[in-house]
Amino acid sequence: GLERGAKNQFSTFSNFITTINQKKEGIGNRNSPTQLVIPNIKNVRDLPPICLDVRQKQRVSIDTLPQELKAPIPTEPSLPIRTKTVKDFQDDVEKAKSSGDWKAVHDFYSTTFDSFLEINAAFKKDTNSPFNTIEDSGINAKFVNVVYDALLNTPQDVQKSVLKGVINGLLQEWKGPRTKDDLRAYCILLQNPQFSNTSTYVIYAHLLRQIAALTEADHHFLVHWSKKISQRRFKQLVDRLLQFISLRLFPAKPEEFPPMVKCTWWIPSATKVLALFNAANSLISPPIISYTDFYNSTLDHIDLMEEYHNWQCYGNSHRFSFCQYPFIISIAAKKVIIQRDSEQQMISIARQSLVDKVSRRQKPDMNMLFLNVKVRRTYLVSDSLDELARKRGDLKKKLKVTFVGEAGLDMGGLTKEWFLLLIRQIFHPDYGMFTYHKDSILSLMGLAVYNSITLDIRFPPCCYKKLLSPPIVPCDHNTLVGICDVTLDDLFQIMPELAHGLSELLSYEGNVEEDFYSTFQVFQEEFGVIKSYNLKPNGDKIPVTNQNRKEYVQLYVDFLLNKSIYKQFAAFYYGFHSVCASYALLLLRPEEVEILVCGSPELDMSALQRSTQYEGYQKTDLTIRYFWDVVLGFSLDLQKKLLHFATGSDRVPVGGMADLNFKIAKSETSTNWLPVAHTCFNQLCLPPYKNRKELKQKLIIGISNAEGFGLE
């Protein structure tokens, strides 16, 4: 990598620095802040490829090492003595602004960023302390922030002196492992706001390359130090990396950058550094920023299936794929991958059925290509579960639903209606089905995801964590499934009163052993019988004390959410994966599985109005204006009924209302008729009602009586 090469390998890059110096006089007035301009960099020679020993796993997010990990600590060189304080620096800046003499400020920046040693001399809280722990980086964050906040408002030659110093540091010939001072310098340089400017991307790329190529032990320190950065600046760092990746993929001015073939390491380096911040974010509860802030929507526009297939074919070899870093792929893009993967499985299964039929010299028919479910509305649950039980071998085929006695053809609408009604009945508290048919219900959930249908269903968040534990069904049937790390927060979602009691136990200031008189034994009612369970061997003889109460609470939560329900949830797990088994599940977070299953309950009718297409109408027509005036004034219940009437589901898909492709078509019928919907195509056929009152009356009647299908 760059850090281990001899200096004479970088002659072209060094010439670049010289060019900066030579052009210093001709680029503007030193005494006035100006836009930073960097000379043409597209001919900069590519550097050796990034070190290939950066660890990649099945779901790469840069594993954090155990705290007790002991890495060899190189001897720290002596640092120069620098005494300038935050106030001193701020005074210098104010004087420069008023006098126009920026010499003192220029000298500070050019000296401070001239080398990694100087960076530490300026920004290390105490130059005599080693700061060799993950708890404290030793960086004077306030001073770093003040210096960077002032940088972009300084004259151009000051800004260029900083970049020149950064280049000098990156070109240093490294011998042996990095010191903690080196890691501090990397941490500080990453925060440089100049790297938001595309003209600095060549320098930024080499900084990212060196950080990506650090050892796992060094990454461990950077991850823990990064979690101490303020939320606002943490998000700026993440956004800067995402922008770097986006603009390298789709540059606004391609001539600004070297040709893609000469810098193939740019995007992998940036993504690996982004993974460090993702790991830091996951160490904090609640996280510093939302996991969705790591999404890069630009990736929605690349060939993700090629990425997915490369990842499947090459795994976690040295060939880069965004699928190795799923945190960067948006949920909308992941949905596309899962949909297409499901479609390919459907085609493969259907083709195999056809081949089997022909090989037995039997006449093929179209029905053999689908999972055909035929049900009566009055016996919906029993018919549905019987059909699924009889046709388990066809669950991976495309689903088609027929309602007995109705003429509707399933182009998607009947399937949505069937799921909606079935889930409502199964989860109705009076029905009691959920207790006895967990495997069938999870087969339904799997079918829904497999057939891209969202459901009106809510499980506790930890249920989705358990469904992904592991995300791929293990070959060894003795391997435990559905077991995941659970916390008191998970229990709060299910048993809030018990969770509150355990929380009180953890914060109790008295003598736990004497006042609570509890042991590591718990009791649970099963079919009317009280049974006792030891949370650990001889738990009934181990008292809960102030010292071991955290262990007690963790074991109790684990017992409730893992061990006590293992048999039931295993059926739950296998039911879901019997239909939805796919390597694409490796890309998902538990929260994303929930969104894929349930969609979003938040209805934004204004967003639907903006994305609606029209056939036979213009959006300015009086009937259309009446329609939206009425709909936007509906209660939430009536808005859900309208969505169900027009699309077959009252849930919002992953991509939001725009993903519905909702269309309002003009119905050339009498205004005495009610509206009609084609749920397969998310289309509402609306007669040209003459006034708002008539439209509202007919629309409410139509959406409130919306079961059953016919043919026009």
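Helix H11 has 17 residues, which at 1.5 Å a residue should span 24 Å, and because its end C-alpha atoms are 25 Å apart, the two values agree; the expected span is 1.5 Å times one less than the number of residues. Helices (H or I, at least four residues) and strands (E, at least two) are DSSP runs numbered from the N terminus. The model is a predicted one, in which local features need pLDDT of at least 70 and side-chain atom pairs count only at pLDDT 80 or more, while totals for chains, interfaces and linings use all residues. Residues are numbered from 1 along each chain as its sequence is written, and side-chain values use heavy atoms, with hydrogens and water left out.

H11 is mostly covered, with 16 of its 17 residues buried, where buried means under 20% relative accessible area, exposed over 50%, and partly exposed in between (1.4 Å probe, protein chains only). In the protein as a whole, which has 27 helices and eight strands, 49% of the 712 residues count as buried.

The structure holds three cavities of 30 Å³ or more, and the largest cavity, with about 70 Å³ of space, has helix H9 (216-226) and helix H11 (266-282) as the elements that give two or more residues to its lining. Among the lining residues are Cys187, Leu222, Leu276 and Phe277, and the lining divides into eight nonpolar, two polar and no charged residues. Here a cavity is a set of points on a 1 Å grid over the protein atoms alone where a 1.4 Å probe fits but cannot get out, whereas a pocket is an open set with protein on both sides within 12 Å along at least five of seven lines, and lining residues have an atom within 4 Å of a point. Grid points are joined across faces, edges and corners, and a volume is the space filled by probe spheres set on the points. Ala, Val, Leu, Ile, Met, Phe, Trp, Tyr, Cys and Pro count as nonpolar, Asp, Glu, Lys and Arg as charged, and the others, Gly among them, as polar.

The second largest pocket has about 900 Å³ of space, and of the 36 residues that line this pocket, the closest to its centre are Gln339, Lys416, Asn451, Ser452 and Ile453. H13 gives the most to the lining, with nine residues, and the lining divides into 16 nonpolar, 11 polar and nine charged residues.
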